[in-house]
Amino acid sequence: MNETIIDAQGLDLTFQTNDGPVHALKDVSLTIGKGDFVSFIGPSGCGKTTFLRCIAGLETPTGGSLSVNGMTPDEARRKRAYGYVFQAAGLYPWRTIAKNVKLPLEIMGFSREEQERRADRVLELVDLKGFGAKYPWQLSGGMQQRASIARALAFDAGILLMDEPFGALDEIVRDHLNEQLLALWARTEKTIGFVTHSIPEAVYLSTRIVVMSPRPGRITDVIESPLPKERPLDIRDTPEFLDVAHRVREGLRAGHAYDG
Amino acid sequence: MRAALPVLTVLAAILLLWYLAVAPMNIRGALDLAERSGRAVTPETPLARQDVSVWRLMAQNPGQIAAAYELDRPRLPTPQQVGGELWKTTGEMALRGRAMSKRSLIYHAAVTLRSTLWGFVLGTALGILGAVAIVYSRVVDMSLMPWAIISQTIPIVALAPMIIVLSSQLGIEGRGVPKAIIAAYLCYFPVLVGMVKGLRAPAPSQLDLLQTYSASGLQVFLKLRLPSSVPYLFTSLKIGIAASLVGTIVGELPTGAISGLGARILIGDQFGTPLAIWAALLAAALMAGALVTLLDLLQRITLKRMGMQA
Ligand SMILES: Nc1ncnc2c1ncn2[C@@H]1O[C@H](COP(=O)(O)OP(=O)(O)OP(=O)(O)O)[C@@H](O)[C@H]1O
Ligand SMILES: [Mg+2]
C-alpha cells in the first residue's frame with residue numbers, strides 16, 4: 001500500500017455526559033494511505049463525525065493511538081495538514097465569497113497577493129469563478145457548499161475531511177458535486193475522508209468504504225472498491241457498482257442485527 | 001415610506017385620545033373659572049362640585065366644555081397648547097437669536113443631551129468590556145453577571161440622589177459628571193446583555209472551523225465573535241441610549257438642578273406651570289426618538305456595508 005497518512009490503532013472515545021458515559025468509539029483501527037478516498041457510512045450516532053473530529057484534533061480520544069502524517073493530530077493541525085468541510089457550509093454572512101475563501105489564508109498569514117491568487121484558483125476549481133464578490137445569501141445552497149469546499153482547499157492541505165457535505169442538497173445537485181469532487185480528487189491527489197449516509201454516494205466516490213455501527217461506535221466492515229479511478233456517472237448502473245453497493249448494504253444490515 | 005403609515009395611524013389615535021381626555025380632565029378647572037367670572041354653573045360652588053363626577057359636570061354644563069380646551073393652567077393641556085409652548089421656548093427663541101438663553105428649551109435639551117451622550121459612551125464601553133470579560137472568563141461570568149442583574153433591580157430614583165450627593169462630597173463640581181454616571185448605570189446593562197449574547201452567537205461549528213485553522217484567541221475574537229455581535233450591539237445601543245436619556249433626566253430631578261429637561265419638569269411642577277412640564281416632556285420624547293432613529297439608521301448602513309442585509 002502507498003504511504004500511510006492516517007493511522008488509528010485501537011481508538012477509544014467515551015464522552016462523559018450528564019446521563020452517564022457515551023461510548024462513541026470503541027477499538028477503532030484503520031489506516032488511510034496517501035491519495036485514498038475513504039467514505040464512512042453507518043447509522044446515526046455510530047461515531048462517524050466523532051472519528052473525523054479525532055483525526056482533525058477537535059476531539060481527544062480516551063484510548064488507543066492516532067497519528068496523522070506521523071504526528072499527533074494536534075501537531076498535524078498546526079502544520080495545516082487538513083481542510084475540514086462541515087455539514088453546514090458555515091460561510092460568514094458578512095464576508096463575500098472571496099473573503100470567505102481567504103479566511104483561512106488571513107489567519108495563516110499569507111500575503112495579500114498570495115491570498116488573491118489562491119482564492120481565484122480554488123474558486124475556479126469549484127466552478128465559482130465570477131462569484132467572488134457575491135455575499136453568501138446571494139448563492140444557492142449547493143453553491144455555498146462549493147464555496148466552503150473552496151475554503152477548505154485554499155491552503156492546500158494534503159488531507160480533506162468532509163462531514164456529510166452534500167447531505168442537505170437535492171439529488172441532481174449532489175450528483176453534479178460528486179462528479180466535481182472526484183475530478184478534483186483525481187487532479188490534486190488529496191487524501192479524502194468523507195462521511196455520508198448515502199450508499200450510492202459512498203460507492204461512487206470511494207476507493208474504500210468503512211461501514212460503522214453504533215453503541216458502541218465501531219468499524220464493522222471495510223470494503224475495497226474494485227471500481228476504476230475514472231468514474232463517469234453511469235458507472236452506477238454497472239454490475240460491479242451494484243455489487244459493491246450490495247456489500248455495503250449487507251454490512252450495514254449486519255451492524256443493525258448486532259445492534260438489535 | 002411604507003413604515004410611516006402605521007406610525008402615523010398610531011400617532012393619530014394617540015392625538016384623538018388626548019383631545020378626548022382634555023375635556024373631563026379640565027372641566028372642573030373650567031367651571032371654577034367660569035364661576036369666578038360670574039357665569040352660572042351647576043352645581044354652583046366648588047365644594048358642591050367635588051362629589052359630582054366629571055361626566056355629570058360635562059353633561060350639566062355643556063356650554064363650558066369648550067372652555068376646558070383653553071385654560072391657562074390646565075391639568076391636561078391640549079396637544080396644540082403643548083406644541084405652542086414648545087415652539088415658543090425653542091423655535092421662536094432661536095429665531096430671536098436666543099437659542100442658548102436659560103429660558104430656552106434648546107439650551108436645556110443641550111445640557112441633557114451632553115450628559116446623555118457621555119453616559120451612553122461610558123455605559124457602552126463598560127457594557128462591551130464587561131461582556132468580553134464574561135464571555136472569556138467563566139469566573140467573571142459567575143461573579144459579575146449576578147451583580148449586573150442585581151444592579152438593575154435597585155430603583156434608579158433611589159440611587160440617583162445618592163450618586164449626586166456622593167459626587168459633590170468628592171468635590172466634583174456641577175451635575176454633569178453624576179448625571180453621566182447615572183445615565184451610564186442605566187445604559188451599560190442592555191449593552192452588556194446584548195453583547196454577551198452577540199459574542200456567544202457563533203455556532204460551535206463556526207468555532208470549530210477556526211480551530212481547524214489553529215486560529216489564535218484574538219483572531220477568533222476579531223474575525224468571528226466581534227462581527228457576529230454587531231446586530232446585537234446595535235439593538236442594545238438603541239435601548240441603551242433611551243435608558244441613558246431617562247437616567248440623565250432622573251439625575252436632573254433632585255432639587256438643586258437648574259438646567260436640563262429634568263429640571264424644567266421639576267420647576268414647572270413647583271411653579272404650577274403645566275405647559276412648561278409638558279413642553280419639556282415632549283422635548284425629551286422627541287430627543288429620544290431622534291437618537292434612536294439615528295442609531296437605527298447607523299445600524300442599517302453598517303449592516304448593509306457588512307453585506308448582512310438584502
Ligand atoms: N460532544 C459530545 N458530548 C457527548 N456526546 C457526544 C458528543 N458528540 C457526540 N456524542 C455522542 O457520540 C455518539 C456518536 O456521535 P457522532 O456525532 O459521531 O455520530 P454520527 O455517526 O456522526 O451520527 P450522524 O450520522 O447522526 O451524524 C452519539 O451517541 C452522540 O450522542
Ligand atoms: Mg455526524
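## Buried pairs in chain A

A residue counts as buried here when its relative accessible area is under 20%. Keep that cut-off in mind as you look around this model, which is a predicted one. Both A:R53 and A:E59 fall in the buried class. Their side chains come together in a salt bridge, with 2.7 Å from N to O.

A second pair to look up in chain A is A:R208 and A:D36, whose side chains form a salt bridge at 3.3 Å, N to O. This one ties together distant parts of the chain, since the two residues are 172 apart. A:R208 sits in strand 8 (residues 208-213) of chain A, while A:D36 is in the loop between strand 2 (20-33) and strand 3 (37-41). Buried or exposed, A:R208 and A:D36? Buried, the pair of them.

## Salt bridges elsewhere

How many salt bridges does a search of the whole structure find? Over all chains, the count is 23. There is also a network of salt bridges to trace, and its members are A:R95, A:K99, A:E106 and B:K223. That list takes in residues from chain A and one from chain B.

Over in chain B, the side chains of B:D141 and B:R200 meet in a salt bridge of 3.1 Å, N to O. B:D141 has a relative accessibility of 21%, so it counts as partly exposed. B:R200 is partly exposed as well, because its relative accessible area is 42%.

## Around ligand 1

Now go to ligand 1, which has 13 residues around it. Which of them come nearest? They are A:S44, A:K48, A:T49, A:T50 and A:H197.

Some of the contacts can be picked out atom by atom. A polar side-chain atom of A:S44 is 2.4 Å from an oxygen atom of the ligand, and an N or O atom in the side chain of A:T50 is 2.5 Å from a ligand oxygen. With A:G45 it is the backbone that takes part: one of its polar backbone atoms lies 2.8 Å from an oxygen atom of ligand 1. On its own, ligand 1 has 630 Å² of accessible area, and the protein covers 63% of that.

The unreviewed UniProt entry lists residues 8-235 of chain A as "domain: ABC transporter". In the model, that span is 34% helix and 27% strand, and its end C-alpha atoms are 32 Å apart.

For chain B, the unreviewed entry gives "transmembrane region" for residues 6-27, 105-135, 147-168, 180-199 and 275-298. Take residues 6-27: the chain there is 100% helix and 0% strand, with 33 Å between the end C-alpha atoms. Residues 180-199 are also 100% helix and 0% strand, and in that span the end C-alpha atoms lie 27 Å apart.

## The surface of chain B

Look next for a nonpolar surface patch of about 320 Å², made by B:L122, B:L126, B:V177 and B:I181. Helix 6 (105-136) and helix 9 (176-199) of chain B each supply at least two of its residues. B:L126 is one of the patch members, and you will find it in helix 6. Its relative accessibility is 48%, so B:L126 counts as partly exposed.

B:L170 lies in the loop between helix 8 (156-169) and helix 9 of chain B. Why does B:L170 count as exposed? Because its relative accessibility is 66%, and the cut-off for exposed is over 50%. From C-alpha to C-alpha, B:L170 and B:A148 are 25 Å apart in space, with a separation of 22 residues in sequence.

## A buried glutamate in chain B

To finish, find B:E252 in helix 11 (residues 217-252) of chain B. B:E252 is buried, because its relative accessible area is 0%. What does the side chain of B:E252 make with the side chain of B:K179? A polar contact, at 2.8 Å. The B:E252 side chain also has a polar atom 3.2 Å from the backbone nitrogen of B:L261.

Conventions. Residues numbered from 1 in each chain as written. Chains lettered and ligands numbered in written order. Predicted model: local features only at pLDDT ≥ 70, side-chain atom pairs only at ≥ 80, totals over all residues. Heavy atoms only, no water. Patch = residues over 30% accessible without salt bridge, like charges linked within 9 Å, V, L, I, M, F, W, Y side chains within 5 Å. Areas by Shrake-Rupley, 256 points an atom, 1.4 Å probe, with all protein chains shown as cover. Salt bridge = Lys/Arg side-chain N within 4 Å of Asp/Glu carboxyl O. Helix = DSSP H or I, 4+ residues; strand = E, 2+ residues; numbered from the N terminus. Buried < 20%, exposed > 50% of the residue type's maximum accessible area, 1.4 Å probe, protein only. Near = heavy atom within 4 Å. Polar contact = N/O pair within 3.5 Å; in protein donor to acceptor, adjacent residues only side chain to side chain. UniProt positions renumbered as here; feature names shortened; annotations may be inferred.
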